[in-house]
Amino acid sequence: MTFFVFCMVLLWLVQPGWCTSQNFSWLGLMPMQIVMTATTAVLCYAATPRTPQEHVAASAVWLQEFAWTEADKPIKLEARSSMVPKDADLARQPMFCFETMMKLLYWSCFVYDHMKEQLTPNTGFSNASSHQEQQLEGTSFTARTSLSLDTALSLYNMTDSQSFWEIQQDTRCLIGWGSSTVVVAFRGTASMKNALADLQAWRIAHPPVRGKTWLGTRPLVHVGFLKTWLADGLKLKVVNQVLEAVQQCKQRSGSDQPITVLITGHSLGGALATLAAYDIRKQLLANKQSNSKVVCCTFAAPRTGNHAFAREYNAMVPDTWSVINDQDVVTREGKMLFLYKRPGQRVILKRGRPHDGQSVRHHLLTSYFHTILSVVLAQFGGLGFPDGMEGMIRLAEASPYVKDLLQTQMGMSLPEMRAFCQSDPASRSEQALPGPHLPSKGFWLIKKPSAPSSAATPRASATLTCCHVLFASVKGQEQENACIELGFDQPDCADCGRLRDYIKDEDLVAECHGCCTQAKNEPGNKFRSAVLEVCSHRLREFPHVETFLKERISSYPNMQVKYYFGAPPRLKLKAGTNSETIRIDHWKTEHIEEYLNHKLLATPSD
């Protein structure tokens with residue numbers, strides 16, 4: 001900059017009549033000097049560090065706070081306002097709630113498999129209440145998940161539900177309500193019609209048309225999303241049903257307490273949830289129901305509109321959260337420079353080591369569920385939040401659904417969590433919570449063949465997995481197929497002794513136990529050697545494998561350990577030409593021992 005100033009001074013001192021001065025002006029050196037000097041001055045001023053004001057720095061910290069339970073949320077909001085009284089903008093900012101996210105995640109999963117009624121070919125739109133849905137008898141419909149409407153409604157003590165199926169764009173929506181809460185869930189991309197709507201990425205004015213395009217004040221939204229939301233009057237039907245549900249909630253409560261409207265969806269459903277949240281909040285204000293609160297929490301939702309739409313949306317529905325799973329390709333892409341803008345706040349979930357590049361797998365709903373549960377598990381390890389253990393204990397106490405999920409799928413019982421939290425911090429740092437593990441991805445999915453109701457028996461309705469051994473012999477494969485024909489999933493657990501806890505059919509239990517006993521007595525099922533493959537850098541992710549390697553592997557002299565970078569933990573058993581490979585990501589240490597004692601010869605010479 002000093003050099004430029006010096007050049008300007010010299011040029012100024014040169015008399016205009018001189019040839020040198022005329023040459024400088026003709027070559028454009030003087031304008032260049034002026035522009036470069038001004039640019040340098042502006043850049044120096046912009047790069048000058050500033051000391052932020054105290055309340056601004058405090059606001060940035062408090063905006064990262066969140067509540068584990070819905071009961072803690074008003075307490076934390078009050079504490080945040082009292083700690084930063086000067087910042088009026090902070091008082092208007094919402095706060096993220098982990099319990100709300102987990103409950104709405106259940107709804108986002110359930111809406112994919114909710115619609116059971118049969119449609120007549122001549123109808124273009126179907127709606128049915130929970131009491132009017134046809135039963136499975138007499139149809140070929142087979143539920144693909146173990147999730148249920150009763151559980152979804154019980155999350156917020158709701159009693160009524162209404163489902164919508166718009167056939168033209170294949171859009172599905174489920175609404176539930178009780179005395180204080182209304183939940184609206186949209187299904188994501190699940191058909192070719194949905195995929196075609198996703199691909200219509202050009203923009204159109206959000207109705208009613210307003211603002212100026214050349215000034216950047218006209219709200220523009222994704223054409224495919226808007227067409228899906230408006231198709232065959234879906235918007236009108238959903239909004240009217242929500243307004244009616246809010247009125248019923250107020251009548252049941254008998255008071256003027258605020259009614260909370262929760263809106264959610266995954267992928268395409270998240271984009272529809274964004275458009276629905278805006279329209280629902282707008283109609284609530286038009287009907288003088290401003291005390292009703294609208295909360296939107298989406299999973300893997302793409303950007304819906306431009307910057308103008310995002311500004312209007314944030315003013316209308318400030319309590320909006322976009323949950324993003326690490327490098328989800330749909331959420332990371334789609335910005336198109338400045339054409340699209342994500343409204344609301346972002347909640348980014350990350351699990352394990354950083355992922356190289358964007359991933360389609362991270363967009364799957366199973367990956368979202370798995371990552372959220374890994375966050376739960378991390379609270380009882382060395383990577384949790386300061387109040388993570390206490391928060392998860394309060395969450396399990398407040399939500400029977402979360403309590404049951406942690407106990408049945410992750411081996412985390414409430415008494416064990418309390419005892420571990422109350423233990424000495426020094427001993428706690430040396431060992432993790434005993435027995436916890438991540439469930440398999442998509443643990444709520446059911447792989448069961450469709451069958452008419454005439455063949456339906458109590459056996460065909462069983463969904464518990466049994467028979468932890470994947471038999472390598474032909475006879476063993478027949479036994480496995482027999483289990484699947486009875487309605488069981490792929491055999492992958494060692495809890496056959498707990499069958500009676502889940503199934504009351506004694507004949508079925510006896511037959512399944514006989515299958516396992518017969519397989520155990522088969523000499524051909526014994527293998528002479530075993531290899532445990534695992535990545536040494538990922539051992540901390542699998543504490544059951546780490547415990548086995550440290551304490552139990554010496555009991556198996558004919559077993560080797562091989563380390564492969566990035567490999568998931570798996571067992572490979574060999575006996576001549578016979579071999580067997582099985583993943584043990586989510587087993588327990590005792591399951592590994594039980595499996596080896598059952599399948600592996602005691603010594604190589606036996």
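Does Phe420 count as buried or exposed? At 8% relative accessibility, Phe420 counts as buried, where buried means under 20% relative accessible area, exposed over 50% and partly exposed in between, with a 1.4 Å probe and protein chains only. This is a predicted model, in which local features need pLDDT of at least 70 and side-chain atom pairs count only at pLDDT 80 or more, while totals for chains, interfaces and linings use all residues. Residues are numbered from 1 along each chain as its sequence is written, and side-chain values use heavy atoms, with hydrogens and water left out.

Rings of Phe, Tyr and Trp (for Trp, the six-membered ring) pair if their centres lie within 6.5 Å, and planes under 30 degrees apart count as stacked, over 60 as edge-to-face and the rest as tilted. By this rule there are 12 aromatic pairs. Among them is the tilted pair of Tyr278 and Phe309, at 5.8 Å centre to centre with 45° between the planes. Tyr278 belongs to helix H12 (residues 268-286) and Phe309 to helix H13 (residues 307-316), so this contact ties together parts that are 31 residues apart in sequence; helices here are DSSP runs of H or I with at least four residues, numbered from the N terminus. Both Tyr278 and Phe309 are buried.

Phe420 itself pairs with Phe380, again in a tilted arrangement, at 6.4 Å centre to centre and 50° between the planes. Phe380 is likewise buried, with a relative accessible area of 3%.

Elsewhere, Phe66, Trp68, Phe98 and Phe385 form one aromatic cluster.

Methods: Helix = DSSP H or I, 4+ residues; strand = E, 2+ residues; numbered from the N terminus.
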